[in-house]
Amino acid sequence: MTKIMYFSPVAHRPGHDELFANMVREFKDYSAEVHVTCLPDEAGKFNHVEFRSYEAMVTPHIIRGVRAAAREGFDALVIGCFYDTALKAAQEISGDMIVTAPCVASCDIASSLSNQFGIIVGRQKWVDQMHSTVHDNGYGRRLTGFYPAGLGVTEFQKDHNVTARCLKDAARIAVENDHAEALVLGCTMEIGFYKELEKDFGVPVFDPAIAAFRRAQNLANLKKDCGWKPSRKWSCEAPPESELEVLKIFDQGNPFGNRIVIPAQNLGEKNV
């Protein structure tokens, strides 16, 4: 059995964790136990981290959550934000647990299935930071560009017809004007919408939550099957445990808010 955590760096709100729990039920291996969770309210009741200042406030809580998950024995963890918030710091302190996030996971898969891909984002505000993330991870040469839909995170759920129209307009520019051969959604509107875009534009379209979860699951399986664990040499060196125990701040408080557990099943048993 593998244990995987999908960790959203926002506070719990109605329907949010359930959205990702339903995704997990559809895409997880039968032998995987998956926990879908988020930040506790005392971390700040953020319902998005579009702004760098919001990211700065939630980053310490992400680090605590990653450390706690590693101590609970999870094999892999997803930080559920396309900014890949705190990813490098989280990987550094994750022990033998694998940590990934939506942007790097989506770019990795898109690069495997196409020569060049475009990323549809909500707002122009997101582009500078995401551009840096894509280039820092070595995918800049494969990127045709970013295509804003003109919607913030909280606006994606207000009217799905409007959201669909805006995303399709952005996708049309990416595919027909800039010749993107694959598309990455820079935010999850609803699980499954990527299929509609694939049908309309004839290219693979990657939902970032699915991409990140499946990448985490695949890497967790590789760790189990092949013994491939995160490196701890040179730039990947982790802080010494003796220092962390003295500092104490890495282990303070409850790092998680709401938690939904999707258990492992026997072969042939349906996900519930």
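Me: Helices (H or I, at least four residues) and strands (E, at least two) are taken as DSSP runs, numbered from the N terminus. Which element gives the most to the lining of the largest pocket?

Reply: β1 does, with four residues. The model is predicted, so local features need pLDDT of at least 70 and side-chain atom pairs count only at pLDDT 80 or more, while totals for chains, interfaces and linings use all residues. Residues are numbered from 1 along each chain as its sequence is written, and side-chain values use heavy atoms, leaving out hydrogens and water.

Me: How much space is in the largest pocket, and which residues lie nearest its centre?

Reply: The largest pocket holds about 620 Å³, where the volume is the space filled by probe spheres set on grid points joined across faces, edges and corners. Its lining has 30 residues, and R13, H16, V153, C187 and T188 lie nearest the centre. β1 (2-11), α1 (16-27) and α8 (208-226) each supply at least two lining residues.

Me: β1 is in a sheet, then. What is the strand order there?

Reply: The order is β4-β3-β1-β2-β9, an open sheet of five strands with mixed pairing; two strands pair if DSSP finds at least two bridges between them. β4 (98-100) and β9 (259-262) are the edges with a single partner strand each, so one side of each has no neighbour in the sheet.

Me: How many bridges join β2 to β9?

Reply: Four, between antiparallel strands, with β2 covering residues 32-39. H35 has V261 of β9 as its bridge partner. On this sheet packs α8, which touches β1, β2, β3 (76-79) and β4 and makes about 145 degrees with the direction of β1. Contact here means heavy atoms within 4.5 Å; axes are lines fitted to C-alpha atoms, for helices over the stretch in contact, with angles from 0 to 180 degrees between N-to-C directions.

Me: And the sheet of four strands: what is its order?

Reply: It is open and parallel, in the order β6-β5-β7-β8, with β6 and β8 (205-206) at the edges. β5 and β7 (residues 183-185) pair over three bridges, and I120 is partnered by L185 in β7. α4 lies across β5, β7 and β8, at about 145 degrees to β5.

Me: Changing topic to α5: which of its residues are buried?

Reply: In α5 (residues 127-136), V127, Q129, M130, T133 and V134 are buried, that is, under 20% relative accessible area, with exposed over 50% and partly exposed in between (1.4 Å probe, protein chains only). They fall within an arc of 165 degrees down the axis, so they line one face of the helix; the arc uses directions from the helix axis to the C-beta atoms. D128 and D136 are exposed on the face turned away.

Me: What do the buried residues of α5 pack against?

Reply: They pack against α2 (52-72), α4 (102-113), β5 (117-121) and β6 (143-148).

Me: Which residues is R52 in contact with?

Reply: Leaving aside neighbours within four places in sequence, R52 is in contact with D128 and Q129. R52 is found in α2 and is partly exposed, at 44% relative accessibility.

Definitions and conventions
1 Å grid on protein atoms, 1.4 Å probe; cavity = no way out; pocket = protein on both sides within 12 Å on 5 of 7 lines; lining within 4 Å.
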